[in-house]
Every structure is written in structure tokens, then in C-alpha cells.
Amino acid sequence: MIRGIAQRLTHGLPLPLLIVLAAFAWVLTAQPSGFPILEYHMVKDDAKPDEVRYAVPPEEFAAQLDYLTQEGYTTITPQDYARARKGKQELPEKPVILSFDDGYEDNWRVVLPMLEERGMKAVFYVVTNDIGQPGYMTWDNLFDLERSGMEIGSHTANHIPLTTLTPTEQRDELRLSKLLLEWRGMKTIYSFSYPNGAYDDTIVAMLAEENYLTAVTGEAGLNTFETNPYRLHRVNIPAPHLGLTEFRLRLLKADLAARAAVRVAELPEGLRAPIEKLCSAVRGH
């Protein structure tokens, strides 16, 4: 019966379109597993023109948090994930990580009270040389976050794409940002976010050498214990134009990317590399 319906629906369609539809159906029938990491920057109403794309209005952010709760998600931190990978704790049935890049002051002023009100937690990746600068969190703000159960992570010292730097400069960005946070009294820094999502194998190796345990990319998908902990998938949550519908579509993007990854892994080795490269480019947008 289902085959007959499919034949009627696709009858007369051009071959290229049929191939695309077949490929899409093949991806959709994959069975992915894992949890999403959501990427935020600002949560504010009064965004400047150059900030608008990064700023989620507070009422929209509140609706997103409530939606996650209604859907059964429980927030965790990257350290929770790292400990669970080593068998030191259990993850909830449906985890999600909320992450905030750059260390903007609204993360403390607006985001923290909203998370506390709902019993949620998150990770905040800060650029250490911006701490205390206009528009950014202060050291006192960071300590408030930590006392409230939030995790503080590194987003380098200067927010320069690491792949544009020399190896010595790369290591300085990783090491000095971590050391400064710890010297000022923050808990040990184990988590990292790549500025502009730029990284390569050499940088991944450096993170392990500098005693980081996890790092997030800008590539959409879901994460499991089999995911490379220094290449964790993350889906960007920009200023919405379609309310919760757009938020659901962003979650769907992570799910579809995970399904595609499952199917790509099933391909013959000769086809896998170019398809993986294409998928990686698509996930980064």
C-alpha cells in the first residue's frame, strides 16, 4: 500500500528530482542518537545594528527555555558530559547543553536570572582579555555565574580565529586564557569554544596537551560518547524571525545533520571523504 502511494506521488517527476527525494528519504530513515548543544551569544532587546543577528530577545529566550522543559530536556554542562564519558556520573534521559560565547554582560544580567528561575544551568565561554570591558561581564559577574552552578569555559584570550595564527600563538591563546581564569580564582577550566568555529587537527591536539577535556565547534549535529570530545557539534540559535517555529527548525537541523552523519558513515570509503567534506561545510552554516 505504502509503495503504491509513493509511486502515485512520484509519477511523472523528473529523474534528478526523484534522485534528490530518494536521497532525502534515505537520510530521514537513519536512526541518530545523541543530544544537542545550543549556541547563543546575546540575550537582549536593545541590540545595536551589528549585534542584531547575535541577539535573542529575552521573551523569545524565555519561550525557548520553556519549550525545552516541555519537551523533556534537562540541561547539563560540558563537564557533566566529560565525567559521564568516564563513567563518573549518569546523564539525564534527554540532555541538552546551553552555551554562550564571548562573555557579554547580558549573560549575567539577563540570562542568569532566567536560568536560575527554571533550575537550569549552562556554560559560558569567555574571552579573557574582554573581561571587565564595556559590554562584557566582570570578574564578579563570572564568580556569580559559578556560584549559581554554571560552568565557565575559555574562548581564548583575544578571540582570533586560531587557524590564522602560528603554532606558538595558538598555544598562547589556549594556555593563557585558561591560566588567567584559574589564577583569578575560577574553578579549573576544562571546556573550550573555537573562535569563529575555526580549528584543525593540530589545535585539537594542543587542547588535549593543555588539559582541556571538551571543545565545541560551529558544526550542527548531535553528540554521543563516541563523538570526539574536542569536536562537539553545536547548532547556532540566532535572533529568531519566526518565533518558536524557527527554534524548532534549528533543533531539527541538528537532528538532520546527525541522520546524515549516520548515512555517510555507511558509504564506501571512496565516496565517504568528499561527502563528509560537503556535509561539514553545510553543518557550519
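A: Lys178 has a relative accessible area of 8% and counts as buried; the term buried means under 20% relative accessible area, exposed means over 50%, and partly exposed lies in between, with a 1.4 Å probe and protein chains only. The model is predicted, so local features need pLDDT of at least 70 and side-chain atom pairs count only at pLDDT 80 or more, while totals for chains, interfaces and linings use all residues. Residues are numbered from 1 along each chain as its sequence is written, and side-chain values use heavy atoms, leaving out hydrogens and water.

Lys178 forms a salt bridge with Glu182, with the closest N and O atoms 2.8 Å apart. A salt bridge here is a side-chain nitrogen of Lys or Arg within 4 Å of a carboxyl oxygen of Asp or Glu. Both Lys178 and Glu182 belong to helix α7, four residues apart, about one turn of the helix. Helices (H or I, at least four residues) and strands (E, at least two) are DSSP runs, numbered from the N terminus. Glu182 is partly exposed at 23% relative accessibility.

Two rings also meet Lys178. Its charged end sits over the ring of Tyr190, 5.9 Å from the ring centre, and Lys178 also lies over the face of Tyr212, at 5.8 Å from the centre of that ring. A charge sits over a ring if NZ of Lys or CZ of Arg is within 6 Å of the ring centre and within 35 degrees of the ring normal.

Helix α7 (residues 167–183) also holds Arg171, whose partner Glu210 is in the loop between α8 (201–209) and β9 (214–216), 39 residues apart, so this pair links distant parts of the chain. Glu210 and Arg171 meet in a salt bridge at 2.8 Å, N to O. Glu210 is buried at 11% relative accessibility, whereas Arg171 is partly exposed at 22%. A network of salt bridges links Arg171, Arg175, Glu209 and Glu210.

In helix α4 (residues 78–85), Asp80 and Arg83 stand three residues apart, about one turn of the helix. Their salt bridge has its closest N and O atoms 2.9 Å apart. Asp80 is buried at 5% relative accessibility, while Arg83 is partly exposed at 33%. The whole structure has 15 salt bridges.

Next come the aromatic pairs, of which the structure holds 11. Rings of Phe, Tyr and Trp (its six-membered ring) pair if their centres lie within 6.5 Å; planes under 30 degrees apart count as stacked, over 60 as edge-to-face and the rest as tilted. Phe61 and Phe100 have ring centres 5.9 Å apart and planes at 75°, so they are edge-to-face. This pair links distant parts of the chain, with Phe61 in helix α3 (residues 58–70) and Phe100 in strand β5 (residues 95–102), 39 residues apart. Phe61 is buried at 0% relative accessible area, and Phe100 is buried at 0%. Tyr40, Phe61, Phe100 and Phe124 form one aromatic cluster.
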